[in-house]
Amino acid sequence: MSERLEPAYEMEIAQVQRLFESFRRGFCDDGALGAAPKAVRDRLVTHLWWAMIAGPEAEREMWESAFREYGLRPDQQELVRRCFYERMRPRISHEQLARLQAHFRDEHRA
């Protein structure tokens with residue numbers, strides 16, 4: 001998980017994909033989503049990924065809106081929240097997160 005990244009402007013899609021896969025592997029359903037289809041789980045993981053990249057304000061908004069979107073009960077929300085902060089987010093270093101943020105910011109401007 002300590003993959004050395006190139007400068008943001010040189011970050012390749014393969015690097016972004018490897019980081020996303022590492023992040024995704026940290027998802028611990030632990031019954032939080034019940035019998036939700038894999039597509040719903042994948043969508044939630046993607047939602048968590050983009051909120052992390054967008055920053056703390058987006059994370060706060062995500063916790064308020066995403067759970068309504070997915071129809072999660074408070075106990076399910078807490079399981080997902082714990083998983084995000086304890087198992088998913090730690091898979092991405094501060095340096096990697098900064099590079100991802102710069103990569104997508106630069107990509108958005110292009």
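Helix axes are here lines fitted to C-alpha atoms, over the stretch in contact, and the angles between them run from 0 to 180 degrees between N-to-C directions. The structure described is a predicted model, in which local features need pLDDT of at least 70 and side-chain atom pairs count only at pLDDT 80 or more, while totals for chains, interfaces and linings use all residues. Residues are numbered from 1 along each chain as its sequence is written, and side-chain values use heavy atoms, with hydrogens and water left out.

The protein contains five helices and zero strands, where helices (H or I, at least four residues) and strands (E, at least two) are DSSP runs numbered from the N terminus. Read along the sequence, the pattern is accordingly written α-α-α-α-α. Of the 110 residues, 40% count as buried, a term that stands for under 20% relative accessible area, with exposed meaning over 50% and partly exposed the range in between (1.4 Å probe, protein chains only). The accessible surface comes to about 6,600 Å², and 52% of this surface belongs to carbon and sulfur atoms; such areas come from the Shrake-Rupley method with a 1.4 Å probe, and for residues only the protein chains shown count as cover. Among the contacts (heavy atoms within 4.5 Å) with a separation of 6 or more, 66% join residues 24 or more positions apart.

Helix H1 (residues 13-25) packs against H2 at an angle of about 120°, with the two axes 10 Å apart. On the H1 side the contact is made by Val-16, Leu-19, Phe-20, Phe-23 and Arg-24, and on the H2 side by Val-45, Thr-46, Leu-48, Trp-49 and Met-52. By class, this contact of H1 with H2 has eight nonpolar, one polar and one charged residues, where Ala, Val, Leu, Ile, Met, Phe, Trp, Tyr, Cys and Pro count as nonpolar, Asp, Glu, Lys and Arg as charged, and the others, Gly among them, as polar. Thr-46, which lies in helix H2 (residues 38-54), counts as partly exposed because its relative accessibility is 30%. The C-alpha atoms of Thr-46 and Phe-20 are 8.6 Å apart in space, although the two residues are 26 apart in sequence.

H2 and H3 pack at an angle of about 165°, with their axes 9 Å apart, and the two helices are therefore roughly antiparallel to each other; angles over 145 degrees count as roughly antiparallel, those under 35 as roughly parallel, 65 to 115 as roughly perpendicular and the rest as oblique. The crossing of H2 and H3 is right-handed. The residues of this contact divide into 11 nonpolar, one polar and three charged, and they include Leu-44, His-47 and Leu-48 of H2 together with Glu-59, Met-62 and Trp-63 of H3.

The axes of helix H3 (residues 56-70) and helix H4 (residues 74-88) come within 11 Å and cross at roughly 150°, so that H3 is roughly antiparallel to H4. This crossing of H3 and H4 is right-handed. Glu-59, Trp-63 and Phe-67 in H3 meet Gln-77, Val-80, Arg-81, Phe-84 and Tyr-85 in H4, and by class the contact has five nonpolar, one polar and two charged residues.

Glu-59, found in helix H3, counts as buried because its relative accessibility is 4%. When neighbours within four places in sequence are left aside, Glu-59 is in contact with Ala-51, Met-52, Phe-84, Tyr-85 and Arg-89. Leu-72, placed in the loop between H3 and H4, likewise counts as buried, because its relative accessibility is 10%.

In helix H4, Arg-87 counts as partly exposed because its relative accessibility is 40%. Arg-87 and Gly-26 are 61 residues apart in sequence, yet 5.1 Å apart in space, C-alpha to C-alpha. Apart from its neighbours within four places in sequence, Arg-87 is in contact with Arg-25, Gly-26, Cys-28 and Arg-82.

Methods:
A crossing is left-handed if the near helix is turned anticlockwise from the far one by less than a right angle, and right-handed if clockwise.
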